[in-house]
Structure formats: C-alpha cells, structure tokens
Amino acid sequence: MAHRYKDFRPRLVSPMQSYGLLAVVAAVAVLAPLVIYPLFLVKVLCFMLFAAALNLVVGFAGLLSLGHAAFFGGAAYAFAQAAKVWGWPFEVSILFGVVVGAALGFAFGLVAIRRQGIYFTMITLALAQMVYFLAVQAPFTGGEDGIQNVPRGSLLGLIDLRDTITLYYVVLVIVVVCLLQIRRMVHSPFGHILGAIRENETRVTSLGLNTSRYKLLAFTLSAALSGLAGALKASAFQLATLSDVSWHISGEVVLMVLIGGIGTLSGPLFGAIFVVMIGHFLATSGLPVSLVVGLVFMACVMLFRRGFYGETVEYLRTRLLSGPQATPKADK
Amino acid sequence: MVIESDCILEARGLRKVFGGFVAIAGVDLRVQTGHLHALIGPNGAGKSTLFNLLTKFIQPSAGEIRFKGQDVTSAMPATIARLGMVRSFQISSVFPHLTVYENIRIALQAHARDTWGFWRSEQALHRFDEDVHDLMTQVGLEPLVYTRAADLSYGRKRALELATTLALKPELILLDEPMAGMGQEDVERTSALIRSLARRHTVLMVEHNLKVVADISDKITVLRRGEKIAEGSYDEVAANDEVRSAYMGGAHG
Amino acid sequence: MTELFGVPLAVLAGQVMIGLINGSFYALLSLGLAIIFGLLNVINFAHGAYYMVGAFVSWGLLTYAGIGYWPSLVLTPLIVGAFGALFERTMLRRLYGFDHLFSLLLTFGLALALEGMFRWIYGAGGKSYAVPPSLTGVYNLGFMVLPIYRAWVIVASLTVCVGTWLVIEKTSLGARLRAATENPSLVTAFGINVPLILTLTYAAGVGLAGLAGAMAAPIYQVSPNMGSSLIIIVFAVVVIGGMGSIMGSILTGLMLGVLEGLTKVFFPTASALTVFIVMILVLLLRPAGLFGKDK
Ligand SMILES: Nc1ncnc2c1ncn2[C@@H]1O[C@H](COP(=O)(O)OP(=O)(O)OP(=O)(O)O)[C@@H](O)[C@H]1O
Ligand SMILES: [Mg+2]
C-alpha cells in the first residue's frame, strides 16, 4: 500500500483568498510606476531582494551576518566596472556582479563558519569592513566619488533600459523570479536540511552530515542574490559608491529582516519597503537617518521580536484558528 | 578469544582528560557483532563521555578506536555516522519544531544523501513517504505523524529519536540511557523495541540500572570513575565485589 | 643617523609608539567587552559608541562647564557608566532570556542611534581637545622625541588594564564575579544579588570605554564616527584573542596595535588591513583564537 503524507503547514487564508491577494499585489506592482517615482520603486525592489537574500541565512540557517554590504556593494562595483570601463553588455555585467558577490560570500563563509553564534557575526562584520577599506584604497573604485555615470545599456540588445519605467519592469521580473526561487529553495531538499541544522545542529551531525558545508552553500547563495540586488541597484542609479559597502547598509538590511519577521518568507519584503521609505522621507526632513534607524531597531528588538509579519501571523493564528487544525494534537 | 572480524567496534587505551580531571582513564572496549552490549555505571562514571569519544563528538586525549577493522581515531563525527555507527543522546535530541514526519524524513534524506538539491521542489521528498511510514510504524508513532516533536511526551521523543537513528540503517547503534525518565509503560514498550532491534543490529547501550539490562543484554561492561571495573554476563558482573561496592557507594554518595 | 632595516630608527620608534597608543585603546575596549561578555553573555555592540560619548562628554565638560582634564578623567567614566547602567536596567535586562543575538541587535541599534544623534548635533567634523597644560611638552630620548601626553596615555591605560585584571583574578570580589559567570544560580543561592552585579558590571565595562574616550580626546579628533570605526577593529581583536581570558584580551590588543604600527612603516597601504588579515590567519590556523577556550 502506498503512503503519501501532506506537507503540514497551517494555512491562515483559504486558497481563494490567497489568489485574490496575489492578484492585488500583482496589480499594484504593475501599476505602481504610474503613480510613484519609478527609480524609488526600483530601489525598493532591490532592497526587497537583498533582505530576502539575507533572510535566507539569518532566518533559515540561523546565521546572523552583519557583513552583507560587502556582497551588495562589491557586486555594485563589479557591475559598474564591467559596464562602464570594460563596456560589457548589461546582462553580462549583472552576471559578473552576481559572480563577484558569490565569490566574496564563499570566501567569507570559509573563514566565518569556523566560529559560531556572536563570533560568526563579529567575523562577518570585520571581513566586510576589510572589503570597505579595500574599496577606499583600490584605484578602480574612485574613492569618495565612487564610479559614476555607469551606462545602463540594453537588455540582450533588444530592450533599451535608459527609460526608467522599462528598467522598472525588467527589475520587477528579475526580482519576482528570484523571490519565487528563494521560496522554492526554502522548501527544497536542501532547505529542509538547513532548517534541521538551525533546529539542532548536533543531531544533524550525528546523522552523518557535515553541517559546515550546508551553511557554506547557504551563505554563498545568499551572497550571490545580494550581489544581484547590488548590481541591479547600481544599474538603476548608474552609480557604485562606498556607502553601498559600509556597515550601515549591513545594519539596515538586518533591520529590514527584523522588522518584517526573521524566518518568514514575506516579512523581509515589508521590512524593505518600510526602511527604504523611512530613508526617503528622512532625506528631506533633516533628521539623521541613523538616529531614527537606530531607534526603530531598538524598539523592534524590545517590542516585537517576531517582526511585523511574524506578529501579524501569530495574531491571526490565535484569533482565527483556534480549532484543532491550528494546534496539532498535543501528546502530553 | 574473539576472532578479529567478530568485533565490530574496538577501543584501546581510550583516555580523556578535561583540564586535569581524568574522565576516562584508559578504557579498553570490544563490542562483538550481533551483541546487545550494555555499559553501566553510577552517575559520573564517564559513560556518556565514552560515547562522545567513540563517536568523535569529543577528541580523545589518548587511545585508538577501530570500527569494522578501520582506524577511525581521527575521523569526523559525521564520517563515523556515515560508516554505520549511529548514536542517540542522553538528552533526547530531535528537531522540536518539525513534525514527526519531517523529523524522520530528514534522517532518510541524510541516508539517501538527498540533501543538496536547493533548486528542486519539495515534491521530490515524497519519495521517502513509504520509508517514513515503515519507521513510524516500527516505533509506534504513526498516529502522531503531524505532531510537532516538541509536543510529544518524553517517551515518544525517545521513540522518535530511535526512528531517526534506524533510518540510517546503522550497523552499530549507540543508545545513551534510552529509558531514563520514562514511565513504566514507556519503559516496557521501549525495552521490547530495543530487544527487537538487537535481533538485526549490534547495539551498545548505556544504562544506569543493572536490573533493567539483566535480561536483555549479551554482555555488560561496568564503568566507575572512568575505569572499567568488570565485564561479562549479568551473573558474572553481579557477583563482582567491586561492582557491588560501586553500586552501594553510588547509592549513598 | 641610526637605521634599522633601512628605516630611520626615529620613524620606527614613532610608529611603534603610535601602535602602542592604538593598542592601549584596543586593550581597554576589548577588556570591557570581555568583562561584559563574560558575565552578561552580551556582545556590547555599543561599546564604540560609549567610547565616542566619553570623548564628547570630556569635551563638553571643558567647553560648557570649564571642567578640565583631570576632573573629567573621573567624571566621564562615571557619567558614561551611569548612562550604561540606566540602559541595562531599562532595556538590556529584558533580553537576557532570549537568544543573545537580540542583545547584539539592541546594542547595535543603540550604537547607530548615539552616532546619529551626535552627528545631528555636532556635525560630522571633529572637535579638538587641547592637551592639558600639565602634560604638554616632550621628552627627548635621543633617538626620538616622545610627547609627554602620549607616554601618559600608554602608562595610564596599561595601569588601568592591569588593575582591572588584578581585581578580577586576585581579589575576593573578582572570585565572586567569576563564580557568577560560571554558575549564576549557585551564586544566587549564596545570597549574592546577581541582577545588581550584572548592572554594575555593565556600567564598569562601558565606564572603561568612556575613560578610553576621555583619554583619546586630546589625541584624536572628537567626532561622532570615532567609535564605529574603532569598534569593528576591536571585534576583530576579540575574535583573534578569544574572550575567555582577561589578560589575553589585553595582550592581544597591545600586540595588534604595535603590529599595525610596524606595518605602517613597511607597507603603508596595508596598515588598515593588518588586524583583519591577522584575524583571517588566526581563524584558518587556530579557529578558537589565541587565548580561546571554546572547544
Ligand atoms: N565537557 C566536560 N568538561 C569537563 N568535565 C566533563 C565534561 N563532560 C563530562 N565531564 C565530567 O566527566 C565525568 C563523567 O561524565 P559523564 O557525563 O560521562 O558521566 P555519565 O557516566 O554519563 O553519568 P550519568 O549517569 O549522570 O549520565 C563527570 O564528572 C563530568 O562532570
Ligand atoms: Mg551520561
């Protein structure tokens, strides 16, 4: 007799509702550039991807990295160098950015995964600072000015990306595809092993798996996606600068994940929207960004550690689903 | 005299010093293929430490370990498991937020080495469902398939851990106090389970209580303060003066 | 003129001295981090920010209240320590039960907020703090001239470091602290007020950072970002030394400062990277750190 089990996951909304929600989100994404400044939207998209990529390691592998700016900013420099100085086409330059992000991630991982917990976090931070110092000194990064006036070019020689609305749709497609891939990855055979390592690393070792290798792959994948986000942002703003590699960016993206909800699939996306918006409004208000970001950080840690999305889900779960399906039968 | 090939696991002169404190003081151990071998001793005798040494979760200070004739003294813990020596832990070790089904599936994935496909869909994992079913049935967890491990009773957690251990099709199973803290009913179920396992696998099992292992084990090794003080069948061991005094001393100290 | 490896001795000695000064600050800060980590199990990301606040407090005392260097050397650690105690009481304390990544994130937020606030008020540029009259001037050692203030900073911070080490390793107070680290519940059973110890420890740790700030004010520019660039290097120092040993953190800090100074002589461009490169090497060769005890 063949047995088949369900992938048990409590649903908060019915399939009908979730299709409805999806349709609304899709409509908003398609129509948004008609109402909102498209370059701002591209920035939001890039940070959504960046936050989701970071969440892959923070939320699903349990590795808090404070060095992700190195992948984001490093890839931005790589893209700018390729597209401007070497004159490579858009898609090849983006790919180059991804490769540089992944390579940096692999190198960071090799070193940092040797230690655990807070040491891991401190090492990623220090390595990223090293990349920052290198960027300050290296001749090709242009010092304080960065690499400016990077040409956008065209996609596959067909679609002209100089028009920002076109660029927005291209970035939208790329980001959506990546987000879907991240979702698939979380539930993939690899994703399940990663989840098990986060839950109980010793047990995974005793089952015969070398956990460091899985963490390393997760870290590299996350860095590659962060690199993609950085390269896309550099292409949109036609600029790669030191601020993209600074520890403030690493902190901001951690905040996005934290605000949205660590280890939730959609939380970091909301977090990204929120933090990019704060930055946008503060830029004109004269209030310093890092003061506000710092205070939001503290409030978040003190008041809702599960994040906006995580807390909402928890609320809905306790409110809406107080039947047997919400809490699987306990055996006490 | 045991012939070399009959002996699945052999440790010679195993020693562990924790910053001056000698936890294991040069222990020799031979586990014969097919045996249910019990390791007993009072609290703090070094039983769990010996397990940690054998599975390389900690590094021995001196000594040699051979598994299936192969020197594994400097192997990694994950490699040991791959070779077929799989352990459980004294404090039950499961994935608390995963369901019983997912817990067992992780172990099957590890055994099938189906662990790297980050591009593959979750659907691919349903190929393990049949094996998950078999294992759950074996340990009596099938009715609780979707219960999170954290919500299981203590005895059931141990059963789940046993199922994940079995999923690796080990040749030698190391169980660290599989029945500690269980109620009477659980003890009976688990000891029956262990007995049935022992028909197909070699088992090395830590237990506090001489009585519990009396009728199920083929051989008993007694450890006290890091030293082996007796070895043999239940009757031999129970007749040993040192063992008696260790147990008397242990009970009052 | 005397030379060593083709470098004038005065230049070499000068860099070694700058290295010793930086090293003293690394030592003071990593010492504080190690104490806080040892007892509270918290990585105090805001440590660099407290150092920066210390420099500003000292500058503010002089500028607004006319309080000079010597009194502010006492007042600054007290003010910074009191602020730290308040922070520990009202916020940090509530996170002890959770994953300690949350306390790292909380102090990270505090660091960002403090830095942002000071930049908002005082701008990004630096303020200078005059060397106190009693410490101006130089010693002429023959092969080099040694500014008295710099010599004082090295001597004073090493004294503070060694004093702290003595208190923790050799006194009964220290013994109780160490016991509290190893077994908090046992110590509570002995009737020691553990929450109070925790608050005082945090205050003492950040007080040391404040003191370092006050001593640094006459040497470096007093600026809002002086803390964050320093703390990341100190983290690398801590990774290299491991936080298991107080003396280990002090020695590692000094050693790396000097090494950095020497690199400046021979490979000027690599000097900023020295500590990070050493960190990578140590992690590859001896993952637990030079003085590390964990596994
Ligand atoms: N990591 C360690 N560091 C220092 N000492 C240790 C360590 N692990 C175990 N010990 C000590 O070694 C001795 C043996 O411990 P072990 O856990 O192996 O005993 P046991 O026989 O399993 O006892 P129990 O029956 O209580 O489980 C104990 O005195 C213990 O305190
Ligand atoms: Mg034990």
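Is Gln90(B) buried, partly exposed or exposed? Gln90(B) is partly exposed, with a relative accessible area of 35%. Here buried means under 20% relative accessible area, exposed means over 50%, and partly exposed lies in between (1.4 Å probe, protein chains only).

## Ground rules

This is a predicted model, in which local features need pLDDT of at least 70 and side-chain atom pairs count only at pLDDT 80 or more, while totals for chains, interfaces and linings use all residues. Residues are numbered from 1 along each chain as its sequence is written, chains are lettered from A and ligands numbered from 1 in the order in which they are written, and side-chain values use heavy atoms, with hydrogens and water left out.

Helices (H or I, at least four residues) and strands (E, at least two) are DSSP runs, numbered from the N terminus.

## The magnesium site in chain B

Gln90(B) has a ligand to hold. Its OE1 atom and the OG atom of Ser48(B) coordinate the magnesium ion (ligand 2), at 1.9 to 2.1 Å.

Donors are N, O and S atoms within 2.8 Å of the metal (3.2 Å for Na, K and Ca). Water is not among the atoms, so sites may look incomplete.

## The sheet of chain B

In chain B, 6 strands form an open sheet. Their order is β6-β7-β8-β3-β9-β10, and the pairing is mixed. Two strands pair if DSSP finds at least two bridges between them. β6 (85-87) and β10 (227-232) of chain B each have a single partner strand, so one side of each is left without a neighbour in the sheet. From one strand to the next, the twist averages 15°.

β6(B) and β7(B) run parallel, joined by 3 bridges. Arg87(B) stands opposite Leu174(B) in β7(B). On the next step, 5 bridges join β7(B) to strand β8 (residues 202-207) of chain B, again in parallel. There Leu174(B) stands opposite Leu204(B) in β8(B). Leu223(B) has Lys228(B) in β10(B) as its bridge partner.

## Around β7(B)

How many of the residues of β7(B) are buried? The count is 5 of its 5 residues. Both faces are covered: Leu172(B), Leu174(B) and Asp176(B) lie on one side, Ile173(B) and Leu175(B) on the other.

Helix α5 (residues 154-167) of chain B lies across β6 and β7 (172-176) of chain B. It runs at about 160° to β7(B). Axes are lines fitted to C-alpha atoms, for helices over the stretch in contact, and angles run from 0 to 180 degrees between N-to-C directions. Lys169(B) lies in the loop between α5 and β7 of chain B. Its phi is near 45°, a positive value in a residue other than glycine. Lys169(B) counts as exposed, at 53% relative accessibility.

## A helix pair in chain A

Helix α10 (residues 247-260) and helix α12 (residues 289-303) of chain A have axes that come within 10 Å and cross at roughly 35°. The contact (heavy atoms within 4.5 Å) includes Leu255(A) and Leu258(A) of α10(A), and Val293(A) and Phe297(A) of α12(A).

The loop between α9 (211-237) and α10 of chain A holds Gln238(A). Phi of Gln238(A) is near 55°, a positive value in a residue other than glycine. Gln238(A) is partly exposed, with a relative accessible area of 31%.

## Chain C and the chain contacts

Val42(C) is placed in the loop between α1 (9-40) and α2 (47-65) of chain C. Val42(C) is buried, with a relative accessible area of 1%. Not counting residues up to four places away in sequence, Val42(C) touches Ile36(C), Phe37(C), Leu92(C), Tyr96(C) and Ser103(C). Tyr96(C) is 54 residues from Val42(C) along the chain, yet their C-alpha atoms are separated by 8.4 Å.

Of the 2 pairs of chains that touch, chains A and B have the most contacts. Chain B and chain C do not touch, and their nearest C-alpha atoms are 9 Å apart.
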